[in-house]
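Trainee: Hey, I've got a protein model open and I'm a bit lost. Could you walk me through it?

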Amino acid sequence: MTRAFPHAIDPFTIRPARPADLAACAEIQHVALDGYLAPFGQQLVGWQPEAMIRLFEHLLATDPARFVVAERAAVPVGFASAWVRGGLWFLAFLFVLPAEQGRGLGTRLLDELLPRPDERAPDGEGLILAVATDSLQPISNALYGHYGMVPRMPVFLMKGAVRSPDAFPPLPPDVAVTPFASIDDATAQPPGMRLLADVTSALDREVLGFVRPADHRFLAADRHGYLVTDEDGEPLGYGYVRDDGRIGPVAAMWPGLVPAIIGLLVRSTSPAGGSFSLLVPGAAGDAFVACLAAGLRLTEAPTLMAWDRPFADFSRYTPINNAIP
Ligand SMILES: CC(C)(COP(=O)(O)OP(=O)(O)OC[C@H]1O[C@@H](n2cnc3c(N)ncnc32)[C@H](O)[C@@H]1OP(=O)(O)O)[C@@H](O)C(=O)NCCC(=O)NCCS
């Protein structure tokens, strides 16, 4: 991307982000989130700036030209980050300090990151635009809607102890479950098993419509991945779980396999507090029903997945987080 940075848009300056900006970006996000939750009598709980900065670092590494900071008098007051995988452009973050909101800065940051007309999908089509927004936030929902990114599907955070693991259906007979870690280890690679990047890419292409090996490397840093294959070694699905009980992403060849893979992940992990959490799209009805039956609870208003044209089959998928579905 060759944009003329920095350039002044009085009184703000928008410039590419640098690694040294990321802690300030996390603080802007924290203050902006608290600012819009306050009128609802809520505040942010469990804020983990280190985890957020790690996610920022990943996005800055994969899409350096799509991470920008807005400054006023050399002080960061807003930031935005987007990524492109295949034919999808996704807005990961857009935050402006409360004192600076409502003056056009959010719009300017978004305009900086939107794809140029010559940025095309591999098939030559224009990039699909998408974002996850908070259902409580009319400003961002309206802002994104102007660009065709209309909120079309709720995504629910489900949390809690799994009291009834049998609510998750069993995996089909004759499938094999292979930890990603053993696939990475060439000596333990099952005969005929394709490389991890190949199998995850095949499933991502089928379920999400794009591939993202760099995101799988990011996931592997702190999550355990499992691959489910049929008797011929063909990939049927994958799922990740973190030691703290965070589940996702899960991708599967058919919707009913998603809750079965969630069950596998639940049984493979004993989080310290006994609590699991995952994001479940409204379209993944089988997973939603099974998670409720297992004992997980809805704890907050859903986020809304917004897009100008559909991407992904969310009946067969649970996302990583709201910045990278
Ligand atoms: C969302 C956010 C980034 C927008 O930045 P901003 O600088 O305040 O936004 P702008 O001033 O550029 O524009 C907001 C637009 O929304 C419009 N808008 C606001 N409330 C609206 C409503 N209820 N209905 C329709 N449009 C609305 C405004 O009129 C404005 O458009 P206009 O300039 O054409 O009139 C900022 O408010 C923010 O950081 N909020 C808290 C954190 C957050 O919600 N981030 C997004 C997470 S999904």
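Predicted model: local features only at pLDDT ≥ 70, side-chain atom pairs only at ≥ 80, totals over all residues.

Trainee: Which residues belong to domain 1 and domain 2?

Mentor: The domain assignment gives 7-126 for domain 1, while domain 2 is made of 158-302 + 312-318.

Trainee: And how many residues does the contact take from domain 1 and from domain 2?

Mentor: Six residues come from domain 1 and six residues from domain 2. On the domain 1 side, the residues touching domain 2 are one nonpolar, four polar and one charged.

Trainee: Then at what angle do the axes of H1 and H2 cross?

Mentor: Roughly 120 degrees, and the axes come within 9 Å. Helix H1 covers residues 22-37, and helix H2 covers residues 49-62.

Trainee: What do you call that orientation of H1 and H2?

Mentor: Oblique. An angle from 65 to 115 degrees would count as roughly perpendicular, and one over 145 as roughly antiparallel, so H1 and H2 end up as oblique to each other.

Trainee: Is the crossing of H1 and H2 left-handed or right-handed?

Mentor: Right-handed.

Trainee: Which residues in H1 and H2 meet?

Mentor: From H1 you have Leu22, Ala23, Cys25, Ala26 and Gln29, and they meet Pro49, Met52, Ile53, Phe56 and Glu57 in H2. By class, the residues of that H1 and H2 contact are eight nonpolar, one polar and one charged.

Trainee: What about H8 and H9, at what angle do they pack?

Mentor: About 40 degrees, with the axes of H8 (residues 257-267) and H9 (residues 285-294) 7 Å apart. That angle makes H8 oblique to H9. In the contact, Val258, Pro259 and Ile262 of H8 meet Asp286, Ala287, Ala290 and Cys291 of H9. The classes there are six nonpolar, no polar and one charged.

Trainee: Switching to strands. What's the order in the open sheet of five strands?

Mentor: Reading across, E8-E9-E10-E11-E15, and the pairing is antiparallel.

Trainee: Why is one side of E8 and of E15 left without a neighbour in the sheet?

Mentor: Because E8 (176-179) and E15 (317-318) stand at the edges, each has a single partner strand. E15 is joined to E11 (residues 247-252) by two bridges, and Val250 has Thr318 in E15 as its bridge partner.

Note on methods. Residues numbered from 1 in each chain as written. Axes fitted to C-alpha atoms, helices over the stretch in contact; angles between N-to-C directions. Helix = DSSP H or I, 4+ residues; strand = E, 2+ residues; numbered from the N terminus. Parallel < 35°, antiparallel > 145°, perpendicular 65-115°, else oblique. Left-handed = near helix turned anticlockwise from the far one by under 90°. Contact = placed C-beta atoms within 7 Å. Nonpolar A, V, L, I, M, F, W, Y, C, P; charged D, E, K, R; others polar. Domains from an automatic or database assignment. Pairing = 2+ DSSP bridges.
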